[in-house]
Amino acid sequence: MGFISGVVMGMIIGVALIAGWSRAMARRAAKRSAKAADVNALASLDREDVKKICGENLPEWVSFPEYEQVKWLNKQLSKLWPFVEEAATMVIRDSVEPILDDYRPAGISSLKFSKLSLGTFPPKIEGIRIQSFKKGQITMDVDFRWGGDPNIVLAVDTLVASLPIQFKNLQVYTIIRVVFQLCDEIPCISAVVVALLAEPKPRIDYILKAVGGSLTAMPGLSDMIDDTVASLIADMLQWPHRIVVPLGGVDVDVSDLELKPHGKLTVTVVRAESLKNKELIGKSDPYVVLYIRPMFKEKTSVIDDNLNPEWNETFSLIAEDKETQHLILQVFDEDKLKQDKRLGIAKLPLNDLEMESVQEINLQLLSSLDTTKVKDKKDRGVLTIKVLYHPFTKAEALEALELEKKTVEERRKTKEETAAVSGAADAASGVTSTVTPAAGAGVAAGAAAPGAGATAAGSGVGLVGTGIGAVGSGIGAFGTGLSKAGKFVGRTVTGPFSSARRSASSVPTIDE
C-alpha cells in the first residue's frame, strides 16, 4: 500500500509540475508577443506621431534612423564659426537686403540692416540624411538648430521717421535641403541648391524690441515685420522655392535647377456662409485674399454688412510645383479705422486637384493653419470656390516666367514712385504747418479742429489732436496717397515720436 501510494503521489506531483511549467511558458510567450506588438506599433508611427509623444525638439536622427549623427561636424563647425560667421554676414547683407525691399509693406519706405552679426555661438546640426532622387545630383537634408546670440538691428524707415528694430532671442528649427549638382570637372560640383523643407514647417522664433523707443509709437509695425518675415521665408526659401548658387570656375547651365511655372490655377471665389461677426455694431464687411505665393496675392471686392457674402469673382494664379504647393485663402473683415481682422483661413493642397477639370470645393474656415495651436474651436463658416488646374506646355511656362518677372519689376517701380510722391507730399505738408497753426490734412473724423492741448509744431512735425489722431506733417499718418499707411499709423502717436516727448535724437527734423 505504501508503494502504491508513493507512485500515485509522485505522478500527481509530476503532472502538477508539468502543468505549472507549461503555464509559465505560455505566459512568457504571451509577454513576448505583447512586446513584439508594441515594437511593431512604434515602428508604424510617422514623424508627427513621434513628435506628439516626445515633443517638438526631438532630433531627427532619434526618431528616424536615416538621419545620422554628425558630432564630428559640430566640433569642426565650432572651430570654424568665427570665419563662417564673417562670410555668412556679408552674404546675408548682400542677398537679403534687396529681397527685403521687394517684400516691404506699404507705409515703410526702407528696410535695411543697420547692424548684422551672427554672434559667437555656432548652430548645431542634429543629423544629416543623404538621398539620391535624380541622376547627377546628391540631395542632403540637414536637421538644423540654432539658438545663438546674434545682434540683428533692422532700420525701419517710414516716410517721416526711422525706428531701429532689434531681433532678440532668435531661435531657428528647420530642415535644410541642399542639392549638389555634379559634373566631371574639379571640384566635381557645378552648383548648389539650398531650400527649407516645408514639412516639418520651419520654425523661427524671435522677439522684436525697439532700440531707444517703443513699438507702440507705430501701431501695427510689429505685425507688419512678422508678416514680412513669414512671407519672405514662404516665398523665397521654403521648398519648392530655392536659392541656386553656381560655383565659380565651372561654366554650367543652371536653368534646370531653377524653379519654373508648372501650371495655371483658375480660382472662382463663389461665396461664404455663416462667417464670424467681428463688429460690435452691425455686421462684418468681408473680403477674400488668395495666393499660392505671398508675393502674388489677389483680393476680392468688399461686401458690406454681410455674413453670407457672394462674390463670384475669378482669378488666375501661377503654380511652380503642384506636388508641394497649396492655395491659401484668407477671409478678412475690413475696418476703416483699425487693422483689418481675419475671420478665417483655409488651405487647399494643389496635389488634390484634377487636371483640366472644374471642381467646386467647400472649405471649412479655421482660425489658424497650425491645428495643434488652435484654441478657438468655434465654427468660422464655410468658403465655397471653383478651381481649374491647367498644366503648362514648355512655351506657356516660358511665357508665364517672363510675365512673372515683368510683374515683379513693375511692382518694384510702382512702390518706389509711390514712396517718392508720398515723401514729397509729406514734405509739403510740413512746410504748410509752419504757416498755418491748424493742420488740415490729418484732421480726425468727427473733429472739425484739433482737440484741446494740441499745438502746432513750427518745425513741420504737425499737430496731434486728442481724438483719433489728427496729424499735420505726417507723424501718425503717412502721405496723402497711401490708404494703407493711413490705416497703419492713422491714430494718435504716443511714445518717443509724439510732439510732447520728441527730442532731437528721436525725431528727424524737417527743414523749414
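Let's start with helix α5, which covers residues 221–237. Its 17 residues reach 23 Å from the first C-alpha to the last, close to the 24 Å expected at 1.5 Å a residue (that expected span is 1.5 Å times one less than the number of residues). Helices here are DSSP runs of H or I with at least four residues, strands are runs of E with at least two, and both are numbered from the N terminus.

Keep in mind that this is a predicted model, where local features need pLDDT of at least 70, side-chain atom pairs count only at pLDDT 80 or more, and totals for chains, interfaces and linings use all residues. Residues are numbered from 1 along each chain as its sequence is written, and side-chain values use heavy atoms, with hydrogens and water left out.

Back in α5, the buried residues include L221, M224, I225, T228, L232 and D235. Buried means under 20% relative accessible area, with a 1.4 Å probe and protein chains only.

Now for an open sheet: four strands in the order β12-β9-β16-β15, with antiparallel pairing (two strands pair if DSSP finds at least two bridges between them). β12 (310–319) and β15 (359–364) stand at the edges with a single partner strand each, so one side of each has no neighbour in the sheet. For β15, six bridges join this strand to β16 (residues 382–391), and the two run antiparallel. Look there for I361, which stands opposite I385 in β16.

Finally, find E404 in helix α6, residues 394–435. E404 counts as buried because its relative accessibility is 15%. Leaving aside neighbours within four places in sequence, E404 is in contact (heavy atoms within 4.5 Å) with R293, F296, I318 and E320.

Notes:
Buried < 20%, exposed > 50% of the residue type's maximum accessible area, 1.4 Å probe, protein only.
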